[in-house]
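Subject: Structure for you to look at, with notes

Dear colleague,

Here is the structure I promised to pass on, with the sequence alongside. Please look through it first, and then read my notes below.

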Amino acid sequence: MAPVISNRGPSRSANPAQRLAFSVLFALIGAGLTTFGLYQAGHAVGLLGEPGTLTVASCARVGQPKPEIRCTGSFRSDDGRSTDPAARFTVNPSLASGQTTRLDRVDAGSHVRISPAGTEEYAALTLFGMALFVFAGSGFASRANSTGRPELRAGPVGRVGLRLGQAGIVLLLGAALCAVIAFLSPH
């Protein structure tokens, strides 16, 4: 039997400073995506702003080269404390005049549509950010072995790194599932 020949050449180990830099970068990106996703999901569900109902007065296609549909109408919060007779928001597809839709008032003049699809999109983004964050943790728990390939450290640190890597995989699967559900949900 002939010996197996590898086309890869000698493996180069990432030095500890590079591994640390990538782990910090993953942690920062993951924390940013998680924070942004949670904030947007809170508005998509109607938890962070002022939820209410908008009665559509008109919708128009605006912008070039990718036009969007902007609708205007009168907004009334669920508690009845605030109204906005000239509320505007972007929607796809267009709504008919007189139709009602649920909105979350972010601040004066800024409204976001409350929708399951929007919630699922931001849930996917949040889970992806969390996966990056925990992958950064497993990167902190790794080191180069004698052959130059990365491996988890021995002892409790290595076990934590392994569990973080497994959690990251589960979070990525959850993010993919949320993205598929959002894609299949009616907008």
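Predicted model: local features only at pLDDT ≥ 70, side-chain atom pairs only at ≥ 80, totals over all residues.

Cys-178 has a relative accessible area of 18%, and because the limit for buried is under 20%, Cys-178 counts as buried.

Two other cysteines are joined to each other. A search of the whole structure finds 1 disulfide, and it is formed by Cys-59 and Cys-71, whose sulfur atoms are 1.9 Å apart. The link of Cys-59 and Cys-71 is right-handed, with 100° about the S-S bond. Cys-59 belongs to strand β1 (residues 50-62) and Cys-71 to strand β2 (residues 68-77), so the pair ties together parts that are 12 residues apart in sequence.

Turning to charged side chains, the count comes to 3 salt bridges. One of them joins Asp-78 and Arg-102, at 2.9 Å from N to O. Here Asp-78 lies in the loop between β2 and β3 (83-91), while Arg-102 lies in strand β4 (residues 100-107), so this pair ties together parts that are 24 residues apart in sequence. Asp-78 is partly exposed, with a relative accessible area of 47%, and Arg-102 is likewise partly exposed, with a value of 33%.

Another salt bridge is formed by Glu-68 with Arg-70, where the closest N and O atoms are 2.8 Å apart. Glu-68 has a relative accessible area of 31% and is partly exposed, and Arg-70, at 42% relative accessibility, also counts as partly exposed. There is also a salt bridge in which the side chains of Asp-79 and Arg-81 meet, with an N to O distance of 3.8 Å; since the rule asks for atoms within 4 Å, this pair is included. In this pair Asp-79 is partly exposed, with a relative accessible area of 49%, whereas Arg-81, at 74% relative accessibility, counts as exposed.

Finally, a few words on helix α2, which covers residues 116-140. At 1.5 Å a residue, its 25 residues should span 36 Å, and this agrees with its end C-alpha atoms, which are 36 Å apart. At the start of α2, a side-chain oxygen of Ser-115 reaches to within 3.0 Å of the backbone nitrogen of Gly-118. Gly-118 is itself among the buried residues of α2, together with Ala-117, Ala-124, Thr-126, Gly-129, Ala-131, Leu-132, Val-134, Ala-136, Ser-138 and Gly-139.

Notes:
Residues numbered from 1 in each chain as written. Heavy atoms only, no water. Disulfide = S-S within 2.5 Å. Helix = DSSP H or I, 4+ residues; strand = E, 2+ residues; numbered from the N terminus. Buried < 20%, exposed > 50% of the residue type's maximum accessible area, 1.4 Å probe, protein only. Expected span 1.5 Å × (residues − 1). Polar contact = N/O pair within 3.5 Å; in protein donor to acceptor, adjacent residues only side chain to side chain.
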